[in-house]
Amino acid sequence: MTIRLGDTAPDFTAATTDGTISFHEWLGDSWGVLFSHPKDYTPVCTTELGYTARLKPEFDKRNVKVIGLSVDPLDSHHGWAKDIEETQGTALNFPVIADEDRTVSDLYDMIHPNADDTFTVRSVFVIGPDKKIKLTITYPASTGRNFDEILRVIDSLQLTAEHSLATPVNWKDGDDCIIVPTLSDEEATAKFPAGFKKVKPYLRITPQPGKKSDSTSA
Ligand code: BEZ
């Protein structure tokens with residue numbers, strides 16, 4: 001099944017390292033990151049899961065729940081978790097799905113047979129509190145993902161959801177933002193007390209709310 005932006009994230013019930021999880025119920029009102037890795041006890045995956053565990057305070061700050069997945073069984077996940085803690089310096093602190101029968105992998109199209117017909121590729125899905133898919137990323141098995149970039153995209157998505165702001169090329173937290181075109185100048189004036197710079201009628205720049213460059217922040 002192909003998953004596209006704006007689709008409802010398929011629901012499922014699965015065995016995980018934290019017990020059986022019903023996905024939508026487990027997400028509750030949180031944002032979610034569902035990501036797959038090809039295989040337990042492999043080097044790139046070990047670094048990815050360790051780093052993601054280290055980022056837990058950052059995900060918590062943004063009200064994001066993270067869940068991993070591979071087609072390996074639970075006992076393999078539990079054994080490998082000890083290696084992750086030993087080598088990456090952080091214990092696993094999020095559930096990892098044991099998708100032995102590929103139910104979730106198939107629902108989310110995580111197995112790309114022309115790359116590998118057995119193992120999941122490195123898929124990432126960011127899911128909003130409305131259970132809609134906000135971001136999809138697919139990386140090959142040999143390339144570790146940049147989880148700082150995933151946080152950056154979540155920051156941008158949350159600015160859109162909460163403030164009707166978009167983010168320009170190479171935006172970083174604290175940089176100026178772009179007012180979405182659907183907002184009129186009058187609405188923008190009311191919404192952004194710091195004001196905005198109208199470079200073009202369609203390109204209006206305003207400081208990121210709550211950051212130092214926003215003179216209306218405390
Ligand atoms: C890894 O995680 O290191 C890996 C997994 C599958 C293929 C290549 C590398």
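**Group meeting: the protein and its ligand**

Hi everyone, let's start with the inside: of the 218 residues in the protein, 44% are buried, where buried means under 20% relative accessible area, computed with a 1.4 Å probe on protein chains only. Before I go on, this is a predicted model, so local features need pLDDT of at least 70 and side-chain atom pairs count only at pLDDT 80 or more, while totals for chains, interfaces and linings use all residues. Residues are numbered from 1 along each chain as its sequence is written, and side-chain values use heavy atoms, with hydrogens and water left out.

Now the overall picture. The protein has seven helices and 11 strands; these are DSSP runs numbered from the N terminus, helices being H or I with at least four residues and strands E with at least two. Its C-alpha atoms fill a box of roughly 55 × 35 × 30 Å along the principal axes.

On to the cores. A nonpolar core here is a set of buried Ala, Val, Leu, Ile, Met, Phe, Trp, Tyr and Cys residues joined through side-chain atoms within 4.5 Å. The largest one holds 23 residues, and V33, F35, F59 and V126 touch the most other members. Elements giving two or more residues to this core are β3 (31-36), α2 (43-54), β4 (64-70), α4 (74-88), β6 (122-127) and α6 (147-163). Of these, α6 supplies the largest share, six residues. There is also a second, separate core of 18 residues, which includes F23, I67, L69 and I97.

Take V33 for a moment. Leaving out residues up to four places away in sequence, V33 touches F59, V64, V66, V124 and I154, among others, a contact being heavy atoms within 4.5 Å.

Finally, the ligand. Which residues are around the ligand? They are P38, T42, P43, V44, C45, R122 and A141, each with a heavy atom within 4 Å of the ligand. The largest share of this shell, three residues, comes from α2.

Let's look at the polar contacts, meaning pairs of N or O atoms within 3.5 Å. A polar side-chain atom of T42 sits 2.9 Å from a ligand oxygen. For C45, a polar backbone atom is 2.9 Å from an oxygen atom of the ligand. With R122, an N or O atom in the side chain lies 3.0 Å from a ligand oxygen. On its own the ligand has 260 Å² of accessible area, and the protein covers 72% of that, by the Shrake-Rupley method with a 1.4 Å probe.

Thanks, everyone!

Technical notes: Buried means under 20% relative accessible area, exposed over 50%, partly exposed in between (1.4 Å probe, protein chains only). A polar contact is a pair of N or O atoms within 3.5 Å; within protein, one must be able to donate a hydrogen and the other to accept it, and residues adjacent in sequence count only if both atoms are side-chain atoms.
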